[in-house]
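Here is a short report on one protein model.

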Amino acid sequence: MPIPNVFKGRMRLPAIAAPMFLVSGPELVIETCRAGVAGTFPTLNARTAVQLDEWLQRIGGALGVEPGAESPPAPYGVNLILHATNTRLAEDLALVERHRVPFVITSLGHPGEVVKRVHAYGGLVFSDIIHAQHARKAIAAGVDGIVAVASGAGGHAGTQSVISLAREIREFWDGVLVLAGSISDGASVRAVEVLGADFAYMGTRFIATRESMADEAYKEMLIACTAADIVYTDAISGTNANFMWPSLEKAGFERAALTAGWGKGKIHGIADEARAWRDVWSAGHGVATIHDLPAVAELINRLAREYRDACNLPTSAVLRPD
């Protein structure tokens, strides 16, 4: 599949660090991009539109491509929540336009207006989905890429297996496909390519890095947990997501009660959900193989070695997508 020009020659391996609520910030994005993986963050992680403006200035300044640079940084992106409860959407989208953010990932809503406005300045729009029917709607709206969030991913994940979802989407979509679902090492990055994806979408692995904004206790819990500790529930916001059981237990939940339908019909504002996610911590099944807290540069060096090994590439090889 063709790789968009903004990614060409700038990626050390085919991966995007997913935008994580209350976790991804400027330091994580900058260090990720410098190391050769595309970094992203949700615009709502900035507490105000004024702060978002400052973050975008800081990131854009740090990642400016020097003329003739041998290894330009990977591109960065932002995540826009399109749900009606996001009262900042208009302000944040205007800032995205002003700063000409290279790519935008949309969630929880129809991306049509975002596509029109981001395409106007030459940016790309990817839409995250959990079902093939959502992918079809996003494609009809003109998006440049699909982010398929499969079972086992952190945050608002789907229930369809990563293999099934990837292959189903590839039956009708030959554009950019980004695949999420328990990807925590370089071998997994290679595996999603074999499934037909262009990029791996890695969230949980980047929570446990020195540069993430996650609380230290959050990082320690993530390292201590296994896949058996991940609970899929709609009790937090009314939409199913994966959370670590120790944080749910600490918040007063009973595991037996965390069944589908618990939060059916709940409607939360952004502030309400932010308070919930601050105390109840999300992670995906990828915790099974996360055992340390490296700096981002160290982590990506490791991922690149693992990826090369999985591809049977020589040690000196560095990925530069054509």
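## Contacts and burial

Among contacts (heavy atoms within 4.5 Å) with a separation of 6 or more, 65% join residues 24 or more positions apart. The protein has 322 residues, and 54% of them count as buried (under 20% relative accessible area; exposed is over 50%, partly exposed in between; 1.4 Å probe, protein chains only).

This is a predicted model: local features need pLDDT of at least 70, side-chain atom pairs count only at pLDDT 80 or more, and totals for chains, interfaces and linings use all residues. Residues are numbered from 1 along each chain as its sequence is written, and side-chain values use heavy atoms, with hydrogens and water left out.

## Helix H12

The protein holds twelve helices and ten strands (DSSP runs: H or I of at least four residues, E of at least two, numbered from the N terminus). H12 covers residues 296-311, and its end C-alpha atoms are 22 Å apart. Its buried residues include Val 296, Leu 299, Ile 300 and Leu 303. The buried residues of H12 pack against helices H1, H7 and H8 and strand S8. Asn 312 follows H12, with a positive phi near 60 degrees.

## Salt bridges

There are twelve salt bridges (a side-chain nitrogen of Lys or Arg within 4 Å of a carboxyl oxygen of Asp or Glu). Arg 170 pairs with Asp 198 at 3.0 Å. Arg 170 lies in helix H6 and Asp 198 in the loop between H7 and S8, so the pair ties together parts 28 residues apart in sequence. Arg 170 is buried at 15%, and Asp 198 is buried at 7%.

Glu 298 and Arg 210 meet at 3.8 Å, N to O. This pair links H12 to the loop between H8 and H9, 88 residues apart. Glu 298 is partly exposed; Arg 210 is exposed.

How values were computed
The expected span of a helix is 1.5 Å times one less than its number of residues.
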